[in-house]
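Hi everyone, thanks for coming.

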Amino acid sequence: MPDSSSARDPHEHRGSRSVGSRILHLFHRHAPEVVPHPDHVVVRLSGEITSENADQIGQHLREVLLTRPPILDIDLTRVTYLSSDGCRAVFIALLAARPHGTRVIVTHADSRTRPTLTQLGLTRVLDIYEEAGPYHS
């Protein structure tokens, strides 16, 4: 039987990069999409938002808020599940937005996400829309 180890070249680590690239690609598939508009910024979230990714999503929202948009629209159209721990991302955005006077709204909060937002009382501190908000073009 031929020894396959002798056939490997010094670029052997490319195989592990390939696997890592595929894993990274899967991760980025659910990365927030930022859509800037003249009067607001829309951040489209997707997939499941849980305790596992809430801090990372919250950090991304904070980075978007560094541009100090008048309105941050968190679009939940592609969110398949929102846990109460996952709402930490929204709380992080709220805390970062207040000092700059940025208004945070949530759009496309449907039957998969709205109950969690309501249970945590976010409907009292945010404008939450079942469809597109007033700033969608």
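Let's start with a pair of side chains: R44 and D75 meet in a salt bridge, at 3.6 Å from N to O. R44 sits in strand β2, residues 41-49, and D75 in strand β3, so this pair ties together parts that are 31 residues apart in sequence. Please keep in mind that this is a predicted model.

Are these two partners buried or exposed? R44 is partly exposed, with a relative accessible area of 24%, while D75 is buried at 3%.

In total, the structure holds 4 salt bridges. Another one joins the side chains of R88 and D55, at 2.8 Å from N to O. Here, too, distant parts of the chain are linked: R88 belongs to helix α3 and D55 to helix α2, 33 residues apart. R88 is partly exposed at 30% relative accessibility, and D55 is partly exposed at 43%.

Now to those helices. Helix α2 covers residues 54-65 and reaches 16 Å from its first C-alpha to its last, close to the 16 Å expected. Which of its residues are buried? They are A54, I57, G58, L61, V64 and L65. These cover an arc of only 115 degrees around the axis, which puts them on the same side of α2. As a reminder, an α-helix has 3.6 residues a turn, so residues three or four places apart point the same way.

Helix α3, residues 88-97, is mostly covered, with 7 of its 10 residues buried. Among them are V90, I92 and L94. The buried residues of α3 pack against α2, β3 and β4.

Notes: Residues numbered from 1 in each chain as written. Predicted model: local features only at pLDDT ≥ 70, side-chain atom pairs only at ≥ 80, totals over all residues. Heavy atoms only, no water. Helix = DSSP H or I, 4+ residues; strand = E, 2+ residues; numbered from the N terminus. Expected span 1.5 Å × (residues − 1). Buried < 20%, exposed > 50% of the residue type's maximum accessible area, 1.4 Å probe, protein only. Arc of directions from axis to C-beta. Contact = heavy atoms within 4.5 Å.
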